[in-house]
Amino acid sequence: MNPTPTAKAARMLRSAAQRFIAVLKRKVLFRYRLVLITLVTLAVGIGVGAVWGPTGWFPPSSTILTVLAGGLLLKRKSLAFLLAVVAAVLLFVASRLDVGQVGPGLLVTIGVTAVLSYLLSGVRERLGVQGLSGEMMLLDLRDRLRHQGRLPELPEGWGRTAVLRQAGGSSFGGDFVVSILRGNRLDIAVVDVSGKGVDAGTRALMLSGAFSGLIGAVPARDFLAHCNDYLMRNSGGEGFVTAVHLSVDTDTGEYQVASAGHPPALHYDGGAGSWSATDAKGVVLGVIPEMTYGFVEGRLRPGDAIMLCTDGLIETPGEDLDAGIDRLLGTADILVTQGFATGAGEVVDTLSKDKNDDCALVVLWRS
């Protein structure tokens with residue numbers, strides 16, 4: 001059955017309308033253009049309302065809200081157009097009303113806000129994200145890093161705790177922990193990326209994923225060597241990394257410790273009631289190719305513990321490193337008196353006081 005001329009016309013009109021809407025969405029009404037149109041309309045509306053609207057309902061200072069929103073939601077070119085509209089609106093209002101309503105204070109405030117918004121928009125444009133997407137991405141990365149630092153659940157008779165503090169209260173830092181439990185074999189690595197705070201945080205984010213994959217894929221004795229090889233291939237001269245690797249048999253308590261330029265692991269002898277430093281030593285990661293790292297062996301008996309930390313807990317400018325280790329050994333008695341699980345946080349608080357450095361502490365004990 002052939003369609004009637006009216007049906008043909010209706011179908012053609014519908015098809016044309018769909019094509020027009022598609023072009024409109026693609027060329028004109030895509031997200032950033034919609035936001036720009038909305039903010040421009042608001043700015044112009046504020047200007048019109050300030051001149052002809054009810055007194056006090058549309059203060060010219062409220063245009064600063066459109067500038068702030070533009071810094072969050074617009075790209076630089078669109079934001080520049082919005083700023084030009086806001087400037088024109090303020091000039092229009094000043095020419096129509098008392099000059100005092102658009103005085104130097106308001107102009108300076110909006111000018112500074114405009115500069116900051118433009119810089120913020122540029123950073124977001126370089127990242128390829130607008131609005132709050134960048135913050136959400138950073139929060140997701142932070143949560144992933146913290147999740148990787150969680151130590152696995154251990155068999156009965158074993159306990160573990162980890163405390164990480166970043167310099168300046170930042171959410172990102174250069175210290176991180178990776179671990180894995182395979183059968184009766186527990187592997188823990190505490191890593192310290194050169195630098196501190198946010199500067200080292202980006203490298204720590206990248207390396208935590210790589211080291212987390214390596215610790216579960218290579219033999220324990222080769223872990224630090226593979227980490228060193230990875231850094232030699234991918235570091236690009238961005239700095240060195242120190243690390244300490246602990247591998248423990250949870251059935252027997254026998255362990256091996258290897259170090260790459262890292263502070264020594266501390267062993268607590270429950271029978272003697274004293275702490276002692278292990279002798280594991282090695283060259284920092286990412287400096288010399290094809291390095292090998294030797295292990296120091298020991299055994300954790302019931303009541304014993306072993307502690308791993310980063311240099312943020314022991315280093316003090318102008319002081320010998322041995323003095324920092326001695327101070328750590330003395331402070332570690334808090335773990336014995338308060339318990340390994342609850343005392344770790346106080347140890348970090350005590351040793352990191354008045355220091356602006358990333359800190360990490362891991363304690364493993366056998367009850």
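Q: What makes strand E6 and strand E9 (residues 305-309) a pair?
A: Two strands pair if DSSP finds at least two bridges between them. E6 and E9 share 3 bridges in the antiparallel sense, so they pair. In E9, Met307 is the bridge partner of Leu266. Strands here are DSSP runs of E with at least two residues, helices are runs of H or I with at least four, and both are numbered from the N terminus.

A word on the model: it is predicted, so local features need pLDDT of at least 70 and side-chain atom pairs count only at pLDDT 80 or more, while totals for chains, interfaces and linings use all residues. Residues are numbered from 1 along each chain as its sequence is written, and side-chain values use heavy atoms, without hydrogens and water.

Q: How do you know that E6 pairs with E7?
A: Look for bridges again: 4 of them join E6 (residues 266-269) to E7 (residues 274-277), so these antiparallel strands pair too.

Q: Why is the aromatic pair of Phe176 and Phe211 called tilted?
A: Rings of Phe, Tyr and Trp (its six-membered ring) pair if their centres lie within 6.5 Å; planes under 30 degrees apart are stacked, over 60 edge-to-face, and the rest tilted. Here the centres are 6.1 Å apart and the planes make 55 degrees, so the pair is tilted.

Q: Why does Phe176 count as buried?
A: Buried means under 20% relative accessible area (exposed is over 50%, partly exposed in between; 1.4 Å probe, protein chains only). Phe176 has 2%, so it is buried. Phe211, at 1%, counts as buried as well.
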